[in-house]
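Trainee: Could you help me learn to read a protein structure?
Mentor: Gladly, let's look at one together.
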Amino acid sequence: MASENIVERKIYRVLIDQLNKVWERVYFLTNAKSVDAEDGENLETKVGAIKGITTSTTVTENGWAMDAKTVNETLTGINTEMSALKKSVADAKNAIASALTSKGVTTSADASFNTIIANLNKINTGYKGQSANSIGYKDVTFEVKNRTDPSSSGEYTGHGRLDYTLAINDRYAAIIFTLQNDRGNIGNNYDTINIASISGTTYRVIYQISSNFYICALTVPNPGTNIRFIIDFNQSSSTQQNNCIGRLRIWGLK
């Protein structure tokens with residue numbers, strides 16, 4: 001019985017022009033394993049695992065290559081959805097920032113989510129029925145010893161300036177402060193209070209019991225605000241006096 005030897009991975013050439021030494025390379029029938037690639041791998045190893053090209057986007061079996069047009073359409077759809085999602089998030093951030101700003105907590109539309117969360121916690125939610133707590137106080141002591149006119153026997157005058165900065169570290173529904181100009185060791189004098197400036201917020205006088213006692217309210221600032229009080233306490237008397245005191249007391253209501 002005749003037998004056949006299969007010879008693979010061999011090159012067969014025929015000399016067709018001896019003078020010019022022209023050879024003709026002849027390829028025989030072969031298989032994918034016998035076709036070499038530049039990197040030394042054969043065709044079977046490189047592409048044999050690919051089962052085909054598909055347009056399906058739900059294939060879960062290994063070995064299928066996706067059609068280029070399908071890939072492009074899928075990526076286009078993903079990009080469209082991502083753009084819509086980004087716009088939705090940006091619109092939501094802008095709406096929240098606008099609402100925060102309207103509540104007195106200034107927030108930019110491009111603020112980070114951490115900033116937005118922190119600003120949400122700064123919103124004043126109103127009075128909760130809790131008692132008022134002292135959150136700041138300051139005294140200034142002065143004397144009444146200078147004459148208005150040193151050459152006459154007129155009244156003596158004295159002045160004390162109080163300069164105090166209060167750091168607001170919490171949220172309050174209301175902030176009340178009182179100013180009191182305490183007379184010295186001798187009565188029958190004339191005293192006044194002058195609010196030179198209050199920076200960091202605004203204020204209004206709620207009630208003036210006398211020229212030496214004020215009850216006032218602050219516009220509630222946000223946490224992190226510093227409020228500076230500069231108050232002048234003035235007194236005059238027919239006699240010299242010691243131990244005149246200007247007092248500032250501050251209460252916060254939650």
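This is a predicted model: local features need pLDDT of at least 70, side-chain atom pairs count only at pLDDT 80 or more; totals for chains, interfaces and linings use all residues.

Trainee: How many helices and strands does the protein chain have?
Mentor: Helices (H or I, at least four residues) and strands (E, at least two) are DSSP runs, numbered from the N terminus. Here there are three helices and 13 strands.

Trainee: What percentage of the residues count as buried?
Mentor: Buried means under 20% relative accessible area, exposed over 50%, and partly exposed in between, using a 1.4 Å probe and protein chains only. Of the 254 residues in this protein chain, 24% are buried.

Trainee: In which sense do β1 and β2 pair?
Mentor: Two strands pair if DSSP finds at least two bridges between them. Strand β1 (residues 12-17) and strand β2 (residues 22-26) are antiparallel, with five bridges. D17 has V22 of β2 as its bridge partner. Four residues lie between the strands of this hairpin, where K21 has a positive phi near 55°.

Trainee: Is S237 buried or exposed?
Mentor: S237 counts as buried because its relative accessibility is 1%. This serine is found in strand β12, residues 226-237. A polar atom of the S237 side chain lies 3.2 Å from the backbone nitrogen of T239.

Conventions
Residues are numbered from 1 along each chain as its sequence is written. Side-chain values use heavy atoms; hydrogens and water are left out. A polar contact is a pair of N or O atoms within 3.5 Å; within protein, one must be able to donate a hydrogen and the other to accept it, and residues adjacent in sequence count only if both atoms are side-chain atoms.
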